[in-house]
Amino acid sequence: MFLFIFIAVPLVVAGFLPIASRVSKKFLPDFLANLCLVILVAASITTFKLWPGAGSFSHKIFWFGDSLNISVVLDGLSLLMIFIISSISLAVGLFSIDYMDKYGSRAIYYAMFLVLVAATNGIVLTSDLFTMYIFIEAAGLASYGLVSLGKTRDSTEGAFKYLILSAVASSFILLGIALIFLTTGTTNIKEIASVSRLVPKLSVILFLAGFGLKSGLVPFHFWMPDAYTGAPAVLPALSSGVFVKVAGVYAMSRVFFNVIGFSYNISSLLVYLGIISILVGALLALGQTRLKRLLAYSSISQVGYIFLGIGTGTPLGIIGGLLHLFYHSIFKSLLFLNAGAVEYATQTDESTELGGLGAKMPFTSTTNVIGLLSAAGVPPLNGFWSKLIIVIALIQIKMYFYAFIAIFASVLTLWYLLLIQRRVFFGKLKEQCENAGEIPFWMNLSLVGLALACFWTGVVFAPVILKWILPGANVLVEGIRSSINTFIIGGS
Amino acid sequence: MEPLILLAVMIFSGLAIFLKDLLKAVICLMISSIFLGIIFFKLGAPYAGVFEISVVAGLVMVLFILTISLVGGEDFVKEPAIPVIFFLILLGIFSLLAVFGFKVSFIPSSATGDKFLNFGQVLWAGRTFDMVAQISVIFAGVFVILAIVSRKGKNGK
Amino acid sequence: MYAYAVFVLIFIGFYCLIARRNMVRLLIGLEIISKGICLLIISGSYPSKILTAQALVITVIVIEVCVMAIGLSLVIRAYHQSESIDIRDFSKLKG
């Protein structure tokens, strides 16, 4: 019963929010939504303590005495994802207490936000492929709404393009699921895994295209810059920090490792696409001047790292990939929320019009430096460890050239982010920024909290790996082991 | 009988993308939905058939017609002048590839026995989580539409 | 035979998405793709798994209705803001 609150509580609160906004326009929606997010974070930490260390929980739900046939499943990978979703959502929720002042109705914004959180929780907590598809769609719908909140022409354009491309991705995924259903007769993950040799090869290609589109893997990355530029800064933080990870990386790993069975071809495809994403994202980011667009290309590049790590298929590579997933959520959300803070203070996004903000906004520029150094992989911040593990894993399987490209792209990341930092925060004070003041308390709190998290997870990375990442990696490695048994030894 | 109805579905869908008038295109789509619903009936899926006809050929078409009346019925957009012949050639190539290229055999080896007897039980007892997930989809849809059509803008009150 | 019809429907849907510029037509293309997938699910699972297949198809139709509704309201707002529903006009964000 306990696990179901991750899905039920945000939905119920989202349902009450329009009513609550009749009572008080500003305070009550803020309070209710953030309270709900705090409850979710507490629940995820409690789940963590209750978890026996291996294996999977499965709960049946009881409704007034009758037992409904809903089974909510939690294993090591889902645990990591739930924690990431809850904590990043809390940070963004606190940030939006002040940031959404300029965007109109708060209750509707929080309602969409909570539906997004509930749907992404649903994606990781289910053991049925088709239910996962429905939750992916629901989360996608909520994020189309969040993109279009800006009400300018840019946001409508971004939202419509995002809708069309994401709907195409969903139809690919649905085609793959339909083919699996028709050839194996079921959509339950465990049952498909036991007959996984019947799954057609076409499904693999369709899933790669569909989940790749959802996560911004090259060559499916072109929706990301447009969708992120026209949206309020909370959307890219949520989307790239939470939704891309869950609906893209988590879903793809779950399907490829536990359902279809990992093979050499899939591994090499993921590694190639990962390397190309890293390079394309980094190179295209070099010429950008608009803050959010540059960070969107940087996201494409970092997602390439995650796929590179997971695609190697070695235990160390999977640990590196999952660690980078965790750390990237933290520092990329920090960077996007930072860009949002700059936009809040100066009403513009274009870095050529900004300058000299460092003196006027000390907290913002410090957290920006921390986020930048994490993204580039500078010790002892968190990005360094995850990239190091991925590079070591690549060297371990003798892909020296790829390791070199990964390090080179890290240097490129440092370059373009530092360029922006210098232009926006140091230098002469431009006239647009005359009356920029320090940002309000809640936005500050959330930025400082994320920056501290970057520090802390960087310094104590070893316990983080052992307690949080290793169970998740074990789940994926189990999948590889069982598929090797099935294919090579011929039994199961 | 079935091949003819299938042919009708395909022809009306093809017409829906080529007619210049948006309203006529949407009506072609509606007719194609009705034929698809009839095919579902014949294949032994009456619930899916009735859902297809009443929801797609009803609700979605009403939404389309509402939008077209607000936006302009004539296709003011100047479409690229690619002739229909090009499309038919592409269709021919693709269907040759499809017929000879992909061989997927549908052998539903059901790993679970069918423990439900009728459709009601399958829907409510077998796929209950899907029903809960649909609640989240509907919530998302409602809130997003409320957000899009509200008139308060940026910096507005 | 049904497989052929499914392929043709999906091809028509994708062609519409690629080769047409009117926003409403793009949504018509999405609808045709969904029709193809529904036909695939139901025709492939005849006669043994038809009950489960119907449940899946009903859910897919519900999701498609929500996506269409959101898409159409975006089209209306785009028309409000700039009097044009041509997708090529919306390339201000390139670069």
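## Salt bridges, aromatic pairs and interfaces

Because A:K161 and A:E157 lie four residues apart in helix α6 (residues 153–184) of chain A, about one helical turn separates them. Their side chains meet in a salt bridge, with an N to O distance of 3.4 Å. The model is predicted, and over all its chains it holds nine salt bridges. A search of the whole structure also finds 23 aromatic pairs over all chains.

**Salt bridges within chain A**

- A:K161 counts as buried because its relative accessibility is 17%, and A:E157 likewise counts as buried, at 2%.
- A:D226 forms a salt bridge with A:R293, and the closest N and O atoms of this pair are 3.4 Å apart.
- A:D226 belongs to helix α9 (residues 223–229) and A:R293 to helix α12 (residues 291–311), both of chain A, so the pair ties together parts that are 67 residues apart in sequence.
- A:D226 has a relative accessible area of 7% and is therefore buried; A:R293, at 7% relative accessibility, also counts as buried.
- A network of salt bridges links A:E157, A:K161, A:D226 and A:R293.

**A salt bridge between chains A and B**

- The side chains of B:R127 and A:D128 meet in a salt bridge of 3.3 Å, N to O.
- This pair crosses between chains: B:R127 is in the loop between α5 (119–126) and α6 (128–149) of chain B, and A:D128 is in the loop between α4 (106–125) and α5 (129–147) of chain A.
- Both B:R127 and A:D128 are buried.

**Aromatic pairs in chain A**

- Among the 23 aromatic pairs found over all chains, A:W223 and A:Y228 form an edge-to-face pair, at 6.2 Å centre to centre and with 90 degrees between the planes.
- A:W223 and A:Y228 are both buried.
- Ring pairs link A:W223 and A:Y228 with A:Y144, A:Y162 and A:F336 into a cluster.
- A:F404 and A:F408 form a stacked pair, at 6.4 Å centre to centre and with 15 degrees between the planes.
- Helix α16 (residues 400–425) of chain A holds both A:F404 and A:F408, which are four residues apart, about one turn of the helix.
- A:F404 is exposed, because its relative accessible area is 52%, whereas A:F408, at 40%, is partly exposed.

**A nonpolar surface patch**

- A:F27, A:F31, A:L35 and A:I39 form a nonpolar patch on the surface, and together they have about 390 Å² of accessible area.
- A:F27 lies in helix α2 (residues 27–50) of chain A.
- With a relative accessibility of 56%, A:F27 counts as exposed, because the cut-off for exposed residues is over 50%.

**Chain B**

- Chain B contains six helices and zero strands, and from the N terminus on its elements run α-α-α-α-α-α.
- Of the 157 residues in chain B, 39% are buried.
- Among contacts in chain B with a separation of 6 or more, residues 24 or more positions apart account for 48%.
- Chain B exposes about 8500 Å², of which carbon and sulfur atoms supply 75%.

**The interface of chains B and C**

- In this interface, 58 residues of chain C are in contact with 75 residues of chain B.
- The two chains bury about 6100 Å² between them, with 78% of that area on carbon and sulfur atoms.
- On the chain C side, C:Y15, C:R25 and C:K35 lose the most area to chain B, together 11% of what that side buries.
- Zero salt bridges are found by the rule across the interface of chain C and chain B.

Definitions and conventions
Residues numbered from 1 in each chain as written. Chains lettered and ligands numbered in written order. Predicted model: local features only at pLDDT ≥ 70, side-chain atom pairs only at ≥ 80, totals over all residues. Heavy atoms only, no water. Patch = residues over 30% accessible without salt bridge, like charges linked within 9 Å, V, L, I, M, F, W, Y side chains within 5 Å. Areas by Shrake-Rupley, 256 points an atom, 1.4 Å probe, with all protein chains shown as cover. Salt bridge = Lys/Arg side-chain N within 4 Å of Asp/Glu carboxyl O. Helix = DSSP H or I, 4+ residues; strand = E, 2+ residues; numbered from the N terminus. Buried < 20%, exposed > 50% of the residue type's maximum accessible area, 1.4 Å probe, protein only. Phe/Tyr/Trp six-rings, centres within 6.5 Å; stacked < 30°, edge-to-face > 60°. Contact = heavy atoms within 4.5 Å. Buried area = accessible area lost by both parts, 1.4 Å probe.
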